[in-house]
Amino acid sequence: MKPLIAITGASSGIGAAAAASFSESGHPLLLLARRADRMASLGLPNTIIAEVDVRDRAALQDAVADAETQYGPLDCLVNNAGLMQLGELASQDPVEYEAMVGVNILGVLNGCSVALASMAEAGRGTIINVSSLAGRKAYPNHVAYVGTKFAVTGLTENLRQEVAGSNIRVSVVEPGAVETELLGHTTSSDLISGYEQWKDSIGGALDADAVVRAIRYIYDQPQSVCIREVVLASTGQEG
Ligand code: NDP
């Protein structure tokens, strides 16, 4: 059997599409998110479903340990779980930016930290962090989200350097707008409808499979090749 792949945020959007792709290629999977029913409904074989909040490092660690007992060492972690709640900082409920920092930064650090322990022992591995174009550029109403995604982009490059000598690849994917459930967590209906209009004006967002192809491009290279960064967006997205 092929090596074990773990995907956070596998209950919808990019994570669910990545799960389907790796499963189709014969990998056993560890799927992590809070909505276990949604992960189970993917109906994928050789798959362990773990109802885990990525902010809980101990729960992540236990889930990875359980999966490794069944399927062997973790070869790839797709650190994909994320939360976007748009708003201007002055009026945004602090609960929202705290949640984004928790999921988008702490969750990614937890995933990296847990995966590295196992990969260091195996002497190989790949971590793919899903950042965003908002990890490279600023956008209106994105202050807190941009802050968290710049963090993901920055910590990925720093970690890549830190573990390069251990035969562990660390890469970042930075998509522009993708058609998923992400926008639905924004509380302002005006911001949601403005964003939807903007997506229409650029001819539509990427579909999740476009991002999955970037993830697969990174993972499917020989272990000796590290694609450090992939930036992609729909052709019509100018900014
Ligand atoms: P979705 O909202 O469809 O998926 C987000 C996933 O993250 C869900 O599976 C959700 O699962 C999971 N998640 C959220 N909070 C937690 C948590 N505390 N613990 C565990 N899992 C959590 O959006 P996308 O597929 O678009 O998002 C995937 C990644 O892509 C995110 O990091 C996002 O920032 C990034 N991205 C998305 C873009 C877009 O336009 N859609 C553009 C650029 C980057 P559950 O709720 O079940 O826990």
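Entry 1: First reminder to myself: I'm looking at a predicted model. I looked up α3, which runs over residues 57–71 and so counts 15 residues. From its first C-alpha to its last, α3 reaches 21 Å, close to the 21 Å expected at 1.5 Å a residue.

Entry 2: Which residues of α3 are buried? I noted Leu60, Ala63, Val64, Ala67 and Tyr71. Looking down the axis of α3, I found these buried residues within an arc of 95 degrees, so they line one face of the helix. Then I turned to the face pointing away from that buried side, and there I found Asp66 and Thr69, which are exposed.

**Entry 3: what the buried side packs against.** I listed the partners of the buried residues of α3: the strands β1 (4–8), β2 (29–33), β3 (47–51) and β4 (74–79), plus the helix α4 (94–122).

**Entry 4: α3 meets α4.** How do the two helices cross, left-handed or right-handed? I wrote down right-handed for α3 passing α4. Their axes come within 9 Å and cross at roughly 35 degrees. On the α3 side, the contact uses Arg57, Leu60, Gln61, Val64 and Glu68. On the α4 side, I have Asn110, Gly111, Ser113, Val114 and Ser118. Sorted by class, this contact has three nonpolar, five polar and two charged residues. Leu60 and Val64 turn up here and also in my buried list.

Terms used:
Residues are numbered from 1 along each chain as its sequence is written. This is a predicted model: local features need pLDDT of at least 70, side-chain atom pairs count only at pLDDT 80 or more; totals for chains, interfaces and linings use all residues. Side-chain values use heavy atoms; hydrogens and water are left out. Helices (H or I, at least four residues) and strands (E, at least two) are DSSP runs, numbered from the N terminus. The expected span of a helix is 1.5 Å times one less than its number of residues. Buried means under 20% relative accessible area, exposed over 50%, partly exposed in between (1.4 Å probe, protein chains only). The arc is that of the directions from the helix axis to the C-beta atoms. Contact means heavy atoms within 4.5 Å. Axes are lines fitted to C-alpha atoms, for helices over the stretch in contact, and angles run from 0 to 180 degrees between N-to-C directions. A crossing is left-handed if the near helix is turned anticlockwise from the far one by less than a right angle, and right-handed if clockwise. Ala, Val, Leu, Ile, Met, Phe, Trp, Tyr, Cys and Pro count as nonpolar, Asp, Glu, Lys and Arg as charged, and the others, Gly among them, as polar.
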